[in-house]
Amino acid sequence: MTSVLPQGMNSARRFLRAIRIEQDVNDPLALEGYILTPQGRQVLQQIEESLRDTATERAWTLTGPYGSGKSSFALFLAQLVAHTHDQASLSWMLLRQQAPSLADDFARTLGDRPLLPVSLTLRRVPIAQSLLEALCEAISALPPSRAATLLLDRLTADLAGEQIDSRAIVQHLDALRNLVVEQGSYGGVLLTLDELGKALEYAARHPGEDIYLLQELAEVASRSQDRPLIVIGILHQAFDLYGERLDLSTRKEWAKVQGRFRDIAFLEPPEQQIRLASAAVASLNVPESSACQAQLRTIADAITATSHAPAGLRID
């Protein structure tokens, strides 16, 4: 597989560590070796369309098993939209090299209005608490201003309170979106909820814990017009499976929340998974011997001859 990285860049790092999106979103080298797969391109095309001013479908869930690349894709997306196409950015370089027409589409849609990435890895605590913490971090990183200070003070007060009002959180997020747009630094906000399933597990195990906040976020996103709010949730299984032990009435309420998000099955076909595994092994630069090459060729030929190779995979 031909490398898409600048000379001297080590692609092995990409395959040797897990993604921590709230930390890696500010790491310019976190995408070393990232490969935008056909599945990723399809999702990216849909998200590009959702960024247009007239779009209303702006809340998504990406659902797939562990290791399917969901968090890596979310990191790629966050770093992509956080920069304009003319800025020095590894994400834009990778997109231009791997999907040039899609890069052109994104450049036209974003223009000179990048999105502020608000990224968080959820855990088994209330969604409201995690989101407030992430909003505090996002505002703290903005250029100092009176409006930013006042908003941070309100968020800090809410975080310290005994009860967290979901409506107040949505208002704070809306205030942040309007603040960055009016400052001229961004055109909107990308909210990424990695490990959303952990928060759903918490809600399912704690009676009275409401996930209605997710519905409110999706509804605000659908009305965000020319100041887009894009919401991306990352799941390992279908939304409703996290609440399968709840009573019928609560499951119906969860179904209403789920209906506000467009779900995308994020699962690469077997041949693409093999290509990714091959790229990961190749990036380790393990010395190859002629005997090893011959043995691997024998195995590959046997797999092909017995029709066990995935359809669409060509063994060179």
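Is Q225 buried or exposed? At 53% relative accessibility, Q225 counts as exposed, where exposed means over 50% relative accessible area, buried under 20% and partly exposed in between (1.4 Å probe, protein chains only).

## Basis of the values

This is a predicted model, in which local features need pLDDT of at least 70 and side-chain atom pairs count only at pLDDT 80 or more, while totals for chains, interfaces and linings use all residues. Residues are numbered from 1 along each chain as its sequence is written, and side-chain values use heavy atoms, with hydrogens and water left out.

Helices (H or I, at least four residues) and strands (E, at least two) are DSSP runs, numbered from the N terminus.

## The sheet

Five strands form an open sheet with parallel pairing, in the order β2-β3-β4-β1-β5; two strands pair if DSSP finds at least two bridges between them. β2 and β5 (262-265) are at the edges with a single partner strand each, so one side of each has no neighbour in the sheet. From one strand to the next the twist averages 20°. Angles here run from 0 to 180 degrees between N-to-C directions, and axes are lines fitted to C-alpha atoms, for helices over the stretch in contact.

β2 (115-121) pairs with β3 (residues 188-194) in the parallel sense over seven bridges. Within this pairing V118 stands opposite L191 in β3, and S119 has T192 of β3 as its bridge partner. Although β2 is an edge strand, seven of its seven residues are buried. In a regular strand the side chains alternate between the two faces of the sheet. In β2, L115, P117, S119 and T121 point one way, and L116, V118 and L120 point the other way.

Helix α6 covers residues 100-110, and its buried residues are L102, A103, D105, F106, A107 and L110. An α-helix has 3.6 residues a turn, so residues three or four places apart point the same way. The cover over the buried residues of α6 includes α3 (38-50), α4 (70-81), α5 (90-98) and β2; contact means heavy atoms within 4.5 Å. After α6 comes G111, with a positive phi near 60°.

The axes of α5 and α6 come within 5 Å and cross at roughly 130°. The two helices are therefore oblique to each other: angles under 35 degrees count as roughly parallel, over 145 as roughly antiparallel, 65 to 115 as roughly perpendicular and the rest as oblique. W92, L95, R96, Q97 and Q98 of α5 make the contact with P100, L102, A103, F106, A107 and L110 of α6. By residue class, the contact of α5 with α6 holds eight nonpolar, two polar and one charged. Ala, Val, Leu, Ile, Met, Phe, Trp, Tyr, Cys and Pro count as nonpolar, Asp, Glu, Lys and Arg as charged, and the others, Gly among them, as polar.

Two packed helices are described by the angle between their axes and the distance between the axes. For α7 (residues 127-140) and α8, the axes come within 10 Å and cross at roughly 155°, so α7 and α8 are roughly antiparallel to each other. The contact joins Q129, L132, E133, L135, C136, I139 and S140 of α7 to A148, L151, L152, L155, T156, D158 and L159 of α8. These residues divide into nine nonpolar, three polar and two charged.

Helix α8 (residues 146-160) packs against α9 (residues 166-183) at about 160°, with the axes 11 Å apart; α8 and α9 are therefore roughly antiparallel as well. Their crossing is left-handed. On the α8 side the contact uses A147, A148, L151, R154, L155 and D158, and on the α9 side A168, H172, A175, L176 and L179. Eight of the residues in the contact of α8 with α9 are nonpolar, one is polar and two are charged. α9 also lies across β2, β3 and β4 (229-235), running at about 135° to β3.

E195 is not a glycine, yet its phi is positive, about 55°. E195 sits in the loop between β3 and α10 (196-205), and at 18% relative accessibility it counts as buried.

Q225 is also not a glycine and has a positive phi of about 50°. Q225 lies in the loop between α11 (212-222) and β4.

Terms used:
Left-handed = near helix turned anticlockwise from the far one by under 90°.
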